[in-house]
Amino acid sequence: MSTEIRVPTLGESVTEAEVIQWFKQAGDAVAVDEPLVELETDKVTIELPSPAAGVLAEITVETGETVEVDALLGMIGDGDGAVVKAKPAAAKEEVKAEPAPKAEPEPAPAPAPAAASDGGSEALSPAVKKLIDENGLDPSMISGSGKDGRIVKGDVLAVLEAKGAAAPAAAPAAPIAVPAAAKPASAPSVDQGAREERVRMTRLRKTIATRLKEAQNTAAMLTTFNEVDLGAVMAARSQYKELFEKKHGVRLGFMSFFVKACITALKDIPAVNAEIDGDELVYKNFYNIGVAVGTDKGLVVPVLKDAQDLSLAGIEKAINAYGQAARDGNLKIDDLQGGTFTISNGGVYGSLMSTPILNAPQSGILGMHKIQERPMVVNGEIQVRPMMYLALSYDHRIVDGKEAVTFLVRVKECLEDPQRLLLDL
Amino acid sequence: MSDTFDLIVIGAGPGGYECAIRASQLGMSVACVEKRDALGGTCLNVGCIPSKALLHASELFAETDHFEKMGINVGKPKLDLKVMQSFKQQAIDGNTQGIEFLFKKNKIEWVKGTGTLKGAGEVEVALTEGGLRTLKASDIVLATGSDVAQLPGIDVDEKQIVSSTGALELEKVPGKLVVVGGGVIGLELGSVWNRLGSDVTVVEFLPAILPGMDGEVAKTFQRILKKQKFSLKLGSKVTGVEKSGKGLKVSIEPAKGGDTEVLDADVVLVCIGRVAYTEGLGLDKAGVEVDERGRIKVDAHLKTNVDGVHAIGDAITGPMLAHKAMEEGVVLAERLAGQMPHMNYDVIPGVVYTQPEVASVGRTEEELKEAGIEYRAGKFPFTANGRAKANQQTDGFVKILADKKTDKVLGVHIIGTQAGEMIHEAVTVMEFGGAAEDIARTCHAHPTLSEAVKEAALAVDGRPLHM
């Protein structure tokens with residue numbers, strides 16, 4: 001009866017390890033608990049003891065290979081060496097080489113396809129090979145949807161189609177952080193035909209996905225809420241909108257008020273405008289406010305640099321210019337970098353309340369939502385007020401609860417009484 | 001002799017015995033409860049195996065019709081049915097004894113008797129030799145299979161009115177055989193007796209034989225059966241069977257109702273389907289849920305609603321095929337051992353072992369159309385295949401259905417000699433998500449019937465070479 005040697009749980013959030021060295025060779029006798037193999041993770045190096053006594057019948061993963069938790073490392077056989085090989089748990093393993101003693105059915109006259117270094121595309125099917133060669137594609141850049149991650153003809157056809165239809169990317173290839181207001185149109189994972197449809201992830205989407213997860217996995221992220229009565233802002237807008245547009249050549253929107261209110265609050269609560277860099281907290285004395293803009297390729301967040309120096313008109317102009325550039329695909333990398341705080345408006349889509357994801361490495365993001373008239377109690381009476389829920393997602397490692405709540409209250413106060421913006425209160 | 005095991009399997013048919021053997025290979029102690037005096041279940045004893053033996057023997061008997069044109073002069077062969085039946089019995093014994101040997105080799109204890117679930121972890125066996133024995137295990141697999149579906153109002157006596165079981169045992173070739181049910185079993189057994197000299201009439205409720213098969217395949221096969229002198233009454237139902245002297249009178253009428261027609265018969269074979277068999281298991285008392293068709297309810301992991309109780313094969317939902325049960329048995333054993341195998345229900349082949357054979361895997365054209373999936377079809381007849389022509393066995397064709405955009409193979413249907421063997425190339429390609437072009441660009445030996453599969457793949461692209 002044979003025993004499997006599997007990679008044990010290695011620790012919180014540690015998912016893989018590298019095989020550093022085998023202490024025993026195939027065929028050696030081993031005792032229970034005798035150290036068999038050394039595994040290294042980015043947190044710790046461990047020696048794996050033998051789960052049973054017997055003979056090290058098979059080494060499935062060689063030195064230098066990377067394995068996932070629970071992957072099959074090898075087999076311990078009975079003392080007489082008779083071993084029934086268990087099949088490695090297919091879906092979970094990332095092992096690049098197939099288990100060594102795999103019967104080659106006949107000595108193939110043509111050399112066996114070289115085990116490719118990228119997992120899964122060891123042998124390309126004839127149709128796939130033809131398409132790849134004819135189109136000069138790199139198989140290691142195509143992710144396979146076939147069995148065990150193999151590239152199938154459909155995968156290559158999809159790549160060719162995407163290439164043919166590819167417009168120059170609206171947003172540059174540099175990592176673009178996107179707050180949670182973006183609805184990931186998820187492609188359900190597929191098997192065959194009918195009930196599902198496989199759509200290859202674009203590079204942009206992949207990058208966005210990675211950044212979102214990084215933000216979630218790094219920050220101690222949570223969200224606090226408040227609500228703001230936008231009556232005063234709306235009154236100012238309706239009173240002066242024509243004059244504003246006449247003088248400044250740009251419409252007076254809500255965003256400029258929000259940016260100003262946020263800057264006021266950020267000045268009072270510096271932690272929300274700061275970031276963690278290694279062991280240090282970096283407080284910034286300038287306010288680069290990122291404003292999320294929707295395009296048909298996804299959400300992008302251009303940054304208003306030194307927004308503290310911009311007037312309301314200046315803010316509106318800059319936002320408009322960015323919006324146009326985003327739609328035209330003219331945003332530069334520089335436009336998207338350097339933000340210290342982000343504002344995202346899910347209200348344009350109808351969202352009433354949400355929990356935005358931080359735009360790493362920033363420590364705070366304000367979520368604006370739909371302005372909805374609600375019955376509110378004002379001076380003991382019920383009135384219809386134009387209300388908006390505000391959300392502040394923040395990194396609790398650097399911003400504490402009191403600061404986060406106070407920040408939102410300050411934003412609310414500035415918006416409900418815009419005179420405070422004028423008086424810098 | 002212990003009464004406690006890691007696993008108890010109730011039923012030693014294909015599903016049960018494979019589950020038991022795999023579990024034992026993975027280190028579990030296994031007991032298998034089987035009340036028949038031989039292992040192998042329906043398949044080995046009264047199903048797949050005996051029918052294949054008779055099909056093979058009767059096929060060779062009928063082949064002699066073609067000997068003269070090949071210059072082999074033996075005259076008309078004489079049938080000794082008794083000897084043919086003992087040939088069949090040898091197939092059964094060889095196979096069932098083989099399973100017994102495998103049980104011994106894998107140290108699986110065969111507990112002879114009827115097993116009843118006494119709740120999670122406990123099975124009480126009413127032993128064949130008398131007495132009761134209680135077995136305990138942390139996991140129990142119900143693999144009790146299926147039984148013949150009864151036609152209301154018609155009593156099967158296994159002598160004149162027979163089920164598939166009786167049809168395999170007939171001691172005389174019936175002059176007239178009426179087969180009720182035009183599915184796989186009816187056509188196979190009908191073929192056996194047709195070749196040995198019976199006049200066979202098949203009565204089928206639906207408008208086509210082999211319900212569920214690709215429509216084009218069913219139509220082609222119908223024509224072939226008619227050439228083989230089968231009489232087909234489609235869209236008809238049987239309203240009664242009466243004794244008339246030494247024979248029987250079968251009343252049939254159109255499925256929607258209409259005039260009655262009466263058929264004479266010496267033997268009537270009732271094979272309208274099979275139903276899950278769970279008698280004596282005590283499912284009620286044990287609280288195991290069954291569905292409206294009496295099948296044991298299981299989740300995606302083959303678990304019932306009772307912890308530690310699982311079920312596979314004909315006793316649960318899904319195609320009633322031995323190999324489906326076998327796959328489930330193996331997958332379940334591996335899961336119980338902590339592994340994570342998968343079972344792909346979309347790529348299970350089905351075979352009709354007539355001559356020519358019919359084999360298919362994946363979707364039919366009708367299913368693809370209904371699902372709104374755009375596809376291309378590539379068809380290649382055996383009349384254009386060198387080997388088939390050389391052997392003068394040119395009935396049938398290969399049809400491959402591939403996704404219009406990705407060329408992924410979605411279904412393959414074959415009528416022809418050896419279709420049941422040829423289909424596996426398609427199953428393998430589909431298991432790997434391969435494209436029709438992949439089949440077309442794979443070297444196939446010449447001259448083989450399998451070249452027709454390659455040509456059909458080329459035909460998907462509109463460019464067969466031999467047509």
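Analyst: B:Gly350 stands opposite B:Ser360, a residue of strand 18 of chain B. This is a predicted model, in which local features need pLDDT of at least 70, side-chain atom pairs count only at pLDDT 80 or more, and totals for chains, interfaces and linings use all residues. Residues are numbered from 1 along each chain as its sequence is written, while chains are lettered from A and ligands numbered from 1 in the order in which they are written.

Strand 17 of chain B and strand 18 (residues 357-362) of chain B are antiparallel and pair over three bridges; two strands pair if DSSP finds at least two bridges between them. Helices (H or I, at least four residues) and strands (E, at least two) are DSSP runs, numbered from the N terminus.

The pair belongs to an open sheet of five strands in chain B, ordered 17-18-21-20-19, with antiparallel pairing. Its edges are strand 17 (350-352) and strand 19 (375-381) of chain B, each of which pairs on one side only. On average, neighbouring strands of the sheet are turned by 10° against each other, direction ignored. Here axes are lines fitted to C-alpha atoms, for helices over the stretch in contact, and angles run from 0 to 180 degrees between N-to-C directions.

Contact between two residues requires their C-beta atoms, placed from the backbone, to lie within 7 Å. Helix 12 (residues 419-431) of chain B lies across strand 17, strand 18 and strand 21 of chain B. Helix 12 of chain B runs at about 10° to strand 18 of chain B.

Of its 467 residues, 48% are buried, a residue being buried if 20 or more other C-beta atoms lie within 10 Å of its own, exposed if 12 or fewer, and partly exposed in between, with C-beta atoms placed from the backbone. Among contacts in chain B between residues at least 6 apart in sequence, 64% join residues at least 24 apart.
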